[in-house]
There are 2 protein chains.
Amino acid sequence: MSPVVIAIDLGATKTLVGVGRTSGDLLARVQFPTPIQGSPELAVNEMVLKIRQLLAENNIADDQVNGVAVGAPGPISYPQGIIYDSPNLGWQKFALRQELEQRLGWPVVVEHDVAMAALGEFHFGQMKRYPNLLYVTLSTGVGAGIIINGELYRGSIGGAGEIGHMVIDPHGRLCNCGRRGCTEAIISGTALAIQARELVEQGRATYLQSLAKDGVITAKEIAIAAREGDSDACRLLAQFRENLQLILANLVHIFNPDIIVLGGGVVQGMRDLFFEGIEEEVRAQVFPMHRPGVKIEVTRLGGDIVLYGCLAAGGIWGFE
Amino acid sequence: MSPVVIAIDLGATKTLVGVGRTSGDLLARVQFPTPIQGSPELAVNEMVLKIRQLLAENNIADDQVNGVAVGAPGPISYPQGIIYDSPNLGWQKFALRQELEQRLGWPVVVEHDVAMAALGEFHFGQMKRYPNLLYVTLSTGVGAGIIINGELYRGSIGGAGEIGHMVIDPHGRLCNCGRRGCTEAIISGTALAIQARELVEQGRATYLQSLAKDGVITAKEIAIAAREGDSDACRLLAQFRENLQLILANLVHIFNPDIIVLGGGVVQGMRDLFFEGIEEEVRAQVFPMHRPGVKIEVTRLGGDIVLYGCLAAGGIWGFE
């Protein structure tokens, strides 16, 4: 049987820990809130605890495990697995790979979560292996995992795919990173929530506000309101869709990929509200030569895509 | 000795034909205006004529030639070598590779000119081989040649690197392609000329106007005026520089390349006016993790970069 891998999807709000095989069999998984309030060491403690529980519950002995693969928010250096000043985790230069190797004793590989997701999509998401695949995640942040000629492209030091910081409007909204009009400041889940909050502050979007728990509006409430036909929510989503089309057309011109696969919380949660017809719209925006090749899909791996990527990574790095 | 290659840089305004070796020795070259007014077949006639002359002048017999490599304006399909609706050449779906093979009898490879330039830069421009290199040309148009893991990345059908059609301002200037705020509509030589003409039409930039031959202002006159300290020309260039920095910072986030090399007519002609300090400015705009790796240079291969790329391509495609 193929090697056993511990798969970790370390997210800004929640963490998934799974165990599976490099063949793509996810045997078990557990989810818990990421303890980001404290030190990164506390988050590691929690991960180690959950790994131990998961192995015990599934009768997997330590010597059956071949390695650990982690997808974490960027920016991350590769292969050192150092998480740099991650705005979403609030960690600064934390040597996650080293810390986990010391605590667990297995070999550890750490990749940018969206790169890991791209590996998952390439190996287990598509029936056909598209050698040039872009995986674009719309979630708290925005990023891309890049597969080129069937291999993950990380860039010089693991910093490729930060499309969340592609500026598409120099007069646009201020981004966490200090620039204006970054993709992430415009179409991320966080950006959508900010836009909704602004409407409420203007005394509009009263229906949206009525849906908010403790005054907090997220992409989820926007989606619910839009499904009910609320005009403010629908307008927000129409803008979102327009911006997403522009971004996808940019990516088609830059990468001319075989396929773009969308995923992440925003996509999972609002697919019914924006996805239909988007391929045609992007096709209309790009050069005629690119049009026949425009192929845009939503991942079938759902919220486990990073875990699947971790299983694929275990195979690639040859944990034995 | 290494194989002999005919190298062709087919440009929108001028064409270069050279002969050289795959080792990077450019033996001879000739330049002439591209006859784009007539049919593409007329341009091919002219190329064939110049090739014959060049071979005769340099005492190279037909059987010493191993193949022909052409860099041409995009979009181009690879490996078919079909030039699609090229806005700059005014040709539509012309099978350049097939036409040249039939006329000349040697194997022909056709690449996007900027991709060819990237090959030239990778093989003969840098002392060190940077496996992840972006070559960005600012000329009549704007484009990028992408080297990833030491190989040219063309995308699914040869359409990668069309960064001239990365929208960076949805409310910006109208582009030839029909969208607004494309890179090409903002910082190409053509865009600079349009911006200068607008100033003249507003009754400003009188010094610039006095430099114009037959009322035509190009990037060349803008550069001359800026060197003389003309405030309108300087303002145009300051804007150009700011936009270029934004675009380069986008590319650093998207590709995290080992190096970005700039070339093309605008860069060659105005290097003294905008290049100094640009690396530091881009560094300040990108994520902290990307900063140490930001490396931006101007090509040392000058106006012959595409010809050098053709020689490299001849080696890669194994003309024998």
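Two strands pair if DSSP finds at least two bridges between them. Helices (H or I, at least four residues) and strands (E, at least two) are DSSP runs, numbered from the N terminus.

This is a predicted model: local features need pLDDT of at least 70, side-chain atom pairs count only at pLDDT 80 or more, and totals for chains, interfaces and linings use all residues. Residues are numbered from 1 along each chain as its sequence is written, while chains are lettered from A and ligands numbered from 1 in the order in which they are written.

**Exercise 1. Trace the strand pairing around E10(B), and state how many residues the hairpin from E9(B) has.**

Step 1. Start with strand E9 (residues 133-138) of chain B. It pairs with E10(B) in the antiparallel sense, over six bridges.

Step 2. Go on to strand E11 (residues 151-153) of chain B. Three bridges link E10(B) to E11(B), and the two run antiparallel. B:Ile147 has B:Leu152 in E11(B) as its bridge partner.

Step 3. Check the turn. The hairpin of E10(B) and E11(B) has two residues between the strands, and B:Asn149 takes a positive phi near 50 degrees there.

**Exercise 2. Is strand E10 (residues 142-148) of chain B buried or exposed?**

Step 1. A residue is buried if 20 or more other C-beta atoms lie within 10 Å of its own, exposed if 12 or fewer, and partly exposed in between; C-beta atoms are placed from the backbone.

Step 2. Sort by direction. In a regular strand the side chains alternate between the two faces of the sheet. B:Val142, B:Ala144, B:Ile146 and B:Ile148 point one way from E10(B). B:Gly143, B:Gly145 and B:Ile147 point the other way, and all are buried.

Step 3. Conclude. Seven of the seven residues of E10(B) are buried, so the strand is largely enclosed by the rest of the structure.

**Exercise 3. Describe how H5(A) and H8(A) pack.**

Step 1. Take the geometry. Axes are lines fitted to C-alpha atoms, for helices over the stretch in contact, and angles run from 0 to 180 degrees between N-to-C directions. Helix H5 (residues 189-201) of chain A packs on H8(A) at an angle of about 145 degrees, with the axes 11 Å apart.

Step 2. List the contact. Two residues are in contact if their C-beta atoms, placed from the backbone, lie within 7 Å. H5(A) supplies A:Leu192, A:Gln195, A:Ala196 and A:Leu199, and H8(A) supplies A:Asp232, A:Leu236 and A:Phe240.

Step 3. Class the residues. Ala, Val, Leu, Ile, Met, Phe, Trp, Tyr, Cys and Pro count as nonpolar, Asp, Glu, Lys and Arg as charged, and the others, Gly among them, as polar. The contact of H5(A) with H8(A) has five nonpolar, one polar and one charged residues.

**Exercise 4. How many residues of chain A are in contact with chain B, and which helix of chain A gives the most?**

Step 1. Count. 36 residues of chain A are in contact with 36 residues of chain B.

Step 2. Locate. Helix H8 (residues 231-255) of chain A gives the most to the side of chain A touching chain B, with five residues.

Step 3. Class. That side of chain A has 19 nonpolar, twelve polar and five charged residues.

**Exercise 5. Check the span and burial of helix H11 (residues 305-316) of chain A.**

Step 1. Get the expected span. It is 1.5 Å times one less than the number of residues. For the twelve residues of H11(A) this gives 16 Å, and the end C-alpha atoms are 16 Å apart, which agrees.

Step 2. Judge burial. Ten of the twelve residues of H11(A) are buried, so the helix is largely enclosed by the rest of the structure. Among them are A:Tyr308, A:Cys310 and A:Gly314.

Step 3. Look past the end. Just after H11(A), A:Gly318 takes a positive phi of about 60 degrees.
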